[in-house]
Amino acid sequence: MADQQQELARDLGFLEAYTIGLGTMIGAGIFVLPSIAADAAGPASMISFLIGGVVSLLAALSLSELATGMPKAGGSYYYVNRALGGFFGSIVGWGMWGGLMFASAFYMLGFGQYLTYFVPMGATGVAIAALVMAVLLVAVNYYGVKETGALQNVIVIALVGLIIVFIAFGVLNVDMSTLRPFNPEGWGAVAATAGTVYVSFIGFEVIATSAEEIKNPSRNLPLSMIAAVVTPTLLYVLVMFVSTGSLSIDLLAESSIPVADVAEEFLGSVGALAMVVGAVLATVSSANASILSAARVNFAMGRDNILTNWLNEVHNRFRTPYRAILATGVIILVLIASPVPIGTLAEVASFSYLVTYSLVHVSVMVMRRADPEDYDPAFQIPDVLYPVVPAVGFVASLAILAQMNTVVTLVGITIVGVGVVWYLGYARNQNIKEGLVGEAIAPEPTRATTNGGGEGYRVVVPLANPKTERDLLRFAAASAHAHEDGDAELVAVNVIEVPRQTSLEQDVAFEEERVSRQQELLDQARDIAAELDVGLRTRAIVSHDAGDAILDVVEDEDADHVVLGWRGSRTTREHVLGSTLDPVVDRSFCEASLINLASETELDRIGDVVALVGEGPNAPVTVKRAAEFVAIEDDATLTLLNIQTPDDDADASAEERGHDLVERVAADVSLDVDYDTEVVVGDDVEATALEAVDAYDTVCVGATREGAVSQTLFGSLPETLGERASGTVVMAQGASRSPQSIREAFIKRLSR
Amino acid sequence: MAHKPLLDCVFVPIASAEDARATARAVTPYLRDRDATVVVGHVIEKAGGAPDKASVEQRERLAEDLFDVVDDEFASENVSHECHVLYGTDVAETIIDAADDFDADAIVFTPRGGSRWLRLLTGDVSLSLVTQSDRPVVVLPDVEEADTDG
């Protein structure tokens, strides 16, 4: 269950992330801007869209690295604030917020314009339609009216389909003479127009702001961002090609529903109507996503104390950030009602986002150079492209900014000014920088250690309980001793967990007692390590989340193996194994062992070890672990146990099958210690297993499933053993994951 | 013959701070000083592909706040309990599944008011719980306390 929950918390796969990006990207931009763009730069405005796409692609690469390194709500704002501090954080936060408001107002006016297809109305009518729709959208998000992924997909597929049909028929209709002169206004105008149309590209940011919800982010995040930039760029360029090739620049520039007017040329009124419907869907879904994104930026700013958290209160009943949504909504309404022309709204939004992305590029470089402990992005800009991508991206963003017209520049700089003033007047006094600042590394090696990510075999042992500390270290030491040829060492970690509401420094100051207890625990660990004759380093950490902190250490140390104590009971709230174990086991990529100690009294020895050998993917690592434990004690024995269910139809007897399997696994890991093989046959696997392992001091069993230790607690073998076996139970999980879980294998076997 | 238990292990969904307090007070008289397992859950509703209304992290913090309310209410009354954050696209379904996973005897909650309109828009979790659950659902009246502090 708990595992299932975690998967649901991250419920966006590549396709979902891609469609969310597309849904925001394919917005009002392409439906409204062709007339403005064609007016400004003629047919060459298709190059403007291409430039916008390339600049966005560079931003997408930089954002992907930052987002996988810091998967937090808030997107660009969060990364810039973290990398460059509160001053630039405030600029980007306000810039994004402002940009999203201007963009939403622009989308809504575009929506109003397309309604003129049905009802002829003047500028006032358009503004009123825009206001009504904006109010409706704010209400939808205020009341938390349920929207589903299915609806989102239908809209996106419909939009892409419409545009593809438009392009397919349009290309055949393009008159090359209409495309001449190709570049009547010169390249300066093309660059300036790239600034105007950039608003069509801000949508992919929404993927970064949802980084915390994306499954397998190291792969899906960059892929979906790149795809969500490339697809629309191609569509935009082709739409401009068709538009400027079908209608003369003059006609196009006059149209307030350009795409529909162009479609009318070769698809008749049906085509025009279809494009109007598409435009309505696109503008509404873009504005909707923008309002929600704005609320997330607000939340992220509140989390860093740059904004008051008053704004981020979640509604009691609707569970929406209603104040943030209202605040954003009110300003959108003001902007729609203001006499600012639709093109300028778009340009201001573009301006804000270009400022944001130029700082994002700087942030990537800063983060790489500073290389903080907890920053280890799963996706990195490939070496051949670094630092080219952020450098070119930064320069290109500034170059486009420099081309934009004076009014836009002034409004844009005003928004930046708001960020600066806000920082100086408010945020500076509030802003407490977050991060793993409480980290006080105590690098006191007791024996040969290499600092940093050396080649040695490294076992990370999170410690919490002084009573079980020695036993955990004993098991970890066994694993380290088996890899003596490299410089094996243990890394003992203790995390002081503080509530999120308090800042890390604050809490540490008040918690002298916990800090001194932490020191005691780690001092003791050093003594034990000396006794066990194994190298040990300690790391004392203060964090909001022990699981995250341990994961960071595991990654930072490039650990080969993590050994965790496990209570085997359901006492902790939130997660079944405890909020710390779940993420560590689920998300760490190295081998993991969960050790459920039989009692809090210290063991004298690891003793006789039995390893349960099944067909699951973790069988080899289970045997390896067991062999390691046996190797450090003189009189310990190793037994490989296989449990078979009776099966009369099979060719070989159950015993033979069991022996074969055990031999195969033993050969697999090239087991070089003596062992006995035991095969037990029984109908009830669990009961049989429990009975068979009773005679042993330590039981090794493979974890049931990748990322699913918690699931095991609901009735699978390792859980039952963990709760009921009399000896110590070690649940082993390998580093490489396999698609079929032991649990699934068991279910399959049992259902036969 | 022993009775089939109804309140030995209960699953208690909570939706908001107000709801957490009201629910905790409503169930306390039935569970106080008994050897009952009380599993408190808060569902974070996911849009399943569409953008969520609020950031997950934001709502996880909310959940922590709600659990603190429950902890406070129960601490003085000697009700042992555990709290879990749940995620699902359908709140009622998620609650029912969770009750099943925790092997609860019953789902216990206090209904939240609200007009028909709001229920229509935001989904009527109470109704879905009552109609869809495969185990007993105990609806407790909201015992209004005069000293609610917000």
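Good morning. The structure before you is a predicted model, in which local features need pLDDT of at least 70 and side-chain atom pairs count only at pLDDT 80 or more, while totals for chains, interfaces and linings use all residues. Residues are numbered from 1 along each chain as its sequence is written, and chains are lettered from A and ligands numbered from 1 in the order in which they are written.

I begin with chain A. Its secondary structure comes to 28 helices and eleven strands; helices (H or I, at least four residues) and strands (E, at least two) are DSSP runs, numbered from the N terminus. Of its 752 residues, 55% count as buried. A residue is called buried if 20 or more other C-beta atoms lie within 10 Å of its own, exposed if 12 or fewer, and partly exposed in between, with C-beta atoms placed from the backbone.

Now to the strand of the opening question. Strand S7 of chain A covers residues 609-612. A:Val609 and A:Ala611 point one way from S7(A), A:Val610 and A:Leu612 point the other way, and all are buried. S7(A) runs parallel to strand S8 (residues 638-644) of chain A, to which four bridges join it. Two strands are said to pair if DSSP finds at least two bridges between them. Strand S10 (residues 698-702) of chain A is also parallel to S7(A), through three bridges, and here A:Val610 stands opposite A:Val699. Together with helix H23 (residues 619-631) of chain A, S7(A) and S8(A) make a right-handed β-α-β unit. Right-handed means that, with the strands pointing away from the viewer, the path from the first strand over the helix to the second runs clockwise.

Consider next helix H25 (residues 685-693) of chain A, where A:Ala689, A:Ala692 and A:Val693 are buried. Seen down the axis of H25(A), these buried residues fall within an arc of 85°, so they line one face of the helix; the arc is that of the directions from the helix axis to the C-beta atoms. The face turned away from the buried side carries the exposed residues A:Ala687 and A:Glu691.

Let us turn to chain B. Chain B has five helices and five strands, and buried residues make up 43% of its 150 residues. An open sheet of five strands has the order S3-S2-S1-S4-S5 (chain B), with parallel pairing. Strands S3 (81-88) and S5 (137-139) of chain B stand at the edges, each with a single partner strand, so one side of each is left without a neighbour in the sheet. Strand S2 (residues 37-45) of chain B pairs with S3(B) in the parallel sense over eight bridges, and B:His42 has B:Val85 in S3(B) as its bridge partner.

Finally, how do the chains meet? In all, 43 residues of chain A are in contact with 33 residues of chain B, where contact means that the C-beta atoms, placed from the backbone, lie within 7 Å. The largest share of the side of chain A that touches chain B, five residues, comes from H13(A). The residues on that side divide into 18 nonpolar, twelve polar and 13 charged. Here Ala, Val, Leu, Ile, Met, Phe, Trp, Tyr, Cys and Pro count as nonpolar, Asp, Glu, Lys and Arg as charged, and the others, Gly among them, as polar.

Terms used: Two residues are in contact if their C-beta atoms, placed from the backbone, lie within 7 Å.
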